[in-house]
Amino acid sequence: MISTTRHLADGREIVYFDAVPTPREAVDPRELPPVATASQVRWDPLLGEWVVIAAHRQTRTFLPPADQCPLCPSTPGRATEVPEADYEVAVFENRFPSLSTEVDRDVPVHAEGNPLVTLRPGEGRCEVIVFTSDHDRSFADLGRDRARLVVDAWAHRTQALSALPGVEQVYLFENHGEEIGVTLSHPHGQVYAYPFLAPRVQRILGQVGAYEGDLFADVLAAERSGPRVVAANDHWTAFVPAAARWPYELQLFPHRRVPDVAALTDEERDAFVEVYLDVLGRFAHRFDEPMNYISSWNQAPVHAGREEWWLHLQLFSFRRAPGKLKYLAGSESGMGAFVSDTSPEGAAEALRAVVLP
């Protein structure tokens, strides 16, 4: 993998990733104002969680037509977020970031009228990772070589963002499908560098610390020999968790404990691509209509808890049947108590039964 760093017209960084050395000299000709970010993070004293307030994102690009896509390569007369006329994988700082290293740091200590709610600047970083220059492809269509290049880009950005001051967790994810809330249909994912630990990571670490034994290892060992395995090879297992929350949900675990994507060996990265493309294909062909999904890397915190963590990826969909979605209604949204519309064993069996093209 070859990485080349350049800058966009407003100073944001863009990094190109290529399988072989490729000149990346295109200049962004646009006249762009500097990115202004007034994000805050606010402490919820009842839940013990940080909440990001990013009201400036209301003006971000929303479902433009294909010929106005800002993630496609630039062409004569139409400059986009990627100045090159073609590219393999590109990562750039989000133009409408929830968190930023250039955030306004002039914030009060507490929320107005409530000294229990601590305020901090929304310092961090948000990046967009574009998987291909082809607007009409999806991750499932990338092929092994391009998917492997994406894995290497994930590893590169995990290391780079983990080194930024104040970053506590690096989160890699992809939202796929308009029903998920995607605002750009071009195949892409995102990278968030949080200045705090996300609630899911905090809860898992609490469970790991309270367990008498090795919780991650025991969960993986049990599922590898159970009825919910969907795909596996020598290095990875993809299974439906026994207490799955979503209609279709998989967890992909490496067989070796590592803290993050950057710690995976070349052989483990190759093996991940094999299993991941397999299960994405099963998601894509489970129904006669597209399966929306969220792909979510659970990486170790940057600092405390790295030794106990076990890297894994969640892949889940809101679709429960043709034409039917799982909505987060009263129980889920109000109380955080999930009620599943499918059985984990049935979902695993249905995914295994998918005939891949």
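**Legends to the views of the predicted model**

**View 1. Charged side chains of the protein chain.** The protein chain carries 33 positive and 50 negative side chains. The centres of these two sets lie 3 Å apart. The model shown in this and the following views is predicted.

View 2. Helices, strands and overall dimensions. The fold of the protein chain contains 6 helices and 17 strands. Its radius of gyration is 21 Å, close to the 21 Å that the globule rule gives for 357 residues, so the chain is as compact as a globular protein of that length. Interior and surface of the protein chain. Of the 357 residues in the protein chain, 50% are buried. The accessible surface comes to about 16700 Å², and carbon and sulfur atoms account for 52% of this area.

**View 3. Buried residues of helix α6.** Helix α6 comprises residues 344-352. Within this helix, Pro344, Ala347, Ala348, Ala350 and Leu351 are buried. These residues cover an arc of only 165 degrees around the axis, and therefore they lie on the same side of α6.

**View 4. Packing partners of helix α6.** Which elements do the buried residues of α6 pack against? Two of the partners are strands, β11 (229-232) and β13 (248-254). Helix α4 (266-284) is also a packing partner of these buried residues.

Definitions and conventions:
Residues numbered from 1 in each chain as written. Predicted model: local features only at pLDDT ≥ 70, side-chain atom pairs only at ≥ 80, totals over all residues. Heavy atoms only, no water. Helix = DSSP H or I, 4+ residues; strand = E, 2+ residues; numbered from the N terminus. Rg over C-alpha atoms; globule rule 2.2 N^0.38 Å. Buried < 20%, exposed > 50% of the residue type's maximum accessible area, 1.4 Å probe, protein only. Areas by Shrake-Rupley, 256 points an atom, 1.4 Å probe, with all protein chains shown as cover. Lys, Arg positive; Asp, Glu negative; His and termini not counted. Charge placed at Lys NZ, Arg CZ, Asp CG, Glu CD. Arc of directions from axis to C-beta. Contact = heavy atoms within 4.5 Å.
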